Amino acid sequence: MKRTMMSLTGAAVALAAVTGVAALAAPGGGTPDASGSGTRMPVQRSALLCPAPTSSEVGETTYTSFAPKGAAGAGAKKGTAQLLPAGTVKDVGGGTGSGKGSKAGKGGKDAKAQDGGSGDQRVDPPRDTKPVAPLKEAGKPVTATADGADAPALDGAADGELAPGWTVQQTTTVAAGTGRGLLGLTCTAPDTTFWFPGVSTDRGRQDYVHLTNPGSTEVTVDLELHGKDGPLTTAVPDGVQVPPHSTYPVLLNTLTSAPATNAALHVTARHGRIGAAVQSRDAELGSDWLPAAADPSSSVVLPGIPADATAVRLVAVAPGESDADLNVRLATPTGLITPAGLETLHVKSGMTTAVDLKDITKGEAGSLVLTPADGSKAPVAAALRVTRGKGDRQEMAFIPSSRPVTTRATAADNRAKGSTLSLVAPEKGKDAKVKVTASAGSGGGTPVAKTYTVKGGTTMAVEPPRPQGLKGSYALTVEPEQGSGPVYAARMLALPQGGIPAFTVQPLPDDRGTVVVPTAGQDLSLLTD
């Protein structure tokens with residue numbers, strides 16, 4: 001073996017060159033990382049993927065793009081942030097793709113369909129398509145709208161001062177039909193693996209997983225369903241082939257012949273990175289997006305259950321080799337309580353467990369906190385299906401387990417009315433102190449900031465601050481202050497539709513707008529053959 005010595009500065013430069021995300025600056029350009037392992041610096045590039053918003057001809061979608069002001073630090077270069085339409089793979093028979101992929105079309109002045117020989121077609125956007133909601137300055141959101149079923153999936157990138165914390169929200173209203181309701185989704189960064197507890201292949205549901213490939217080569221994606229008795233056999237054992245720069249919606253009902261009401265979907269890219277999100281349509285409860293849950297962990301937090309929830313269902317999956325035992329607590333405005341009859345939850349390895357929590361919040365907003373019981377260390381992923389309203393005027397939304405806000409998180413597309421911000425400090429005795437900033441409006445207005453202290457073990461649900469002189473929509477940025485205890489956040493947007501309490505909930509995980517760059521002058525030992 002040969003032992004090679006190099007400075008951490010050189011390693012950081014090499015890392016930046018390979019990944020294109022670490023923004024290196026002169027000393028003092030970042031902040032020391034809490035772990036002491038280096039300096040935390042703003043990222044230089046960000047990527048986001050937005051799935052096709054709806055298949056309804058009466059759907060109306062608003063895209064909101066935003067980057068927090070000052071997130072890139074002093075001296076950051078001006079940047080751009082824009083979204084471009086991706087191609088769409090469609091089944092010519094209607095419904096979902098066959099799982100065999102399709103050949104990429106060559107495009108043209110008009111959108112063009114190319115048959116991939118499998119019964120699927122890829123429809124490319126026109127060559128002269130313009131960027132959607134291009135962002136040119138930080139601190140002020142930009143919006144764009146699209147109508148009907150032809151709104152495409154979007155592939156976006158940001159650089160310079162717009163990269164750290166760049167957030168895009170897509171909000172869709174569907175006034176009628178099976179997919180009626182309010183659908184909200186924070187566009188996601190590409191990744192290699194995703195968990196979606198709470199999906200269903202039952203007759204009353206139509207759940208589509210939207211797979212978006214931002215790369216220049218085809219990606220094979222494995223779809224694995226888990227039910228209450230373990231893994232379910234799927235119709236695509238060889239995986240789904242997603243063409244480059246394309247999105248591919250797959251109807252989960254076509255993957256298995258066994259109906260599963262409370263299932264979990266595991267999405268894995270064999271190579272490369274993809275975006276993934278599940279759009280769920282319920283015959284009685286409307287529709288919404290189910291975002292991916294946080295990476296499986298022995299402790300999970302599901303923030304932002306509305307005060308007026310009439311039904312809440314928890315679905316958890318244990319993806320590891322061991323069963324998971326969990327303490328179940330509800331973080332209320334006054335403290336942690338144990339739901340009646342549900343002190344602990346047992347989740348078998350490779351299986352899902354579902355529990356109906358009914359109207360658990362009883363008129364007070366709350367958050368569900370699951371922690372290890374009896375020494376259990378098995379990881380779990382979890383999600384809630386939340387229902388508001390009664391009878392034929394009900395609407396559903398989903399709340400997956402979320403990452404904590406460690407540096408910053410943002411919710412875009414807040415209106416003059418209808419937003420509720422939930423902040424939860426899940427650990428008793430560890431209060432959280434959080435600054436919430438309301439940005440300028442998309443059409444004008446002056447930013448406003450307010451600080452909240454959340455007592456450890458509680459949930460605080462507030463009507464968030466609004467910009468002075470607001471015109472248009474605005475963004476909310478959540479930042480824990482120095483010394484704050486752990487904090488999680490979620491934003492509910494409520495836009496009633498003809499007596500139906502239409503709403504959507506977006507968890508606010510940390511935006512990962514910074515990376516740790518090793519401290520200059522230290523040595524790094526690399527062992528090579």
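Visitor: How do the residues lining the largest cavity divide by class?

Guide: Roll a water-sized probe over the atoms and you see where empty space is left. A cavity is a set of points on a 1 Å grid over the protein atoms alone where a 1.4 Å probe fits but cannot get out, and lining residues have an atom within 4 Å of a point. Here the lining splits into five nonpolar, three polar and three charged residues (nonpolar: Ala, Val, Leu, Ile, Met, Phe, Trp, Tyr, Cys, Pro; charged: Asp, Glu, Lys, Arg; polar: the others, Gly among them). This is a predicted model, where local features need pLDDT of at least 70 and side-chain atom pairs 80 or more, while totals for chains, interfaces and linings use all residues. Numbering runs from 1 along each chain as its sequence is written, and side-chain values use heavy atoms, without hydrogens or water.

Visitor: How much space lies in the largest cavity, and which element gives the largest share of its lining?

Guide: About 60 Å³, counted as the space filled by probe spheres on grid points joined across faces, edges and corners. Strand β31 (381–390) supplies three lining residues, the largest share; strands are DSSP E runs of at least two residues, numbered from the N terminus. Arg205, Arg313 and Arg385 are among the lining residues.

Visitor: What is Cys50 joined to?

Guide: A disulfide is a covalent bond between the sulfur atoms of two cysteines, called here when the sulfurs lie within 2.5 Å. Cys50 pairs with Cys187, S to S 2.1 Å. Cys50 sits in β4 and Cys187 in the loop between β14 and β15, 137 residues apart. The S-S torsion is about 115°, so this disulfide is right-handed. Both cysteines are buried (under 20% relative accessible area with a 1.4 Å probe, protein chains only).

Visitor: Which element gives the most to the lining of the largest pocket?

Guide: A pocket is an open set, with protein on both sides within 12 Å along at least five of seven lines. The largest has about 1,400 Å³, and of its 50 lining residues, Leu48, Thr188, Ala189, Pro190 and Arg403 are closest to the centre. β4 gives the most, four residues. By class, the lining has 26 nonpolar, 15 polar and nine charged residues.

Definitions and conventions. Buried < 20%, exposed > 50% of the residue type's maximum accessible area, 1.4 Å probe, protein only.
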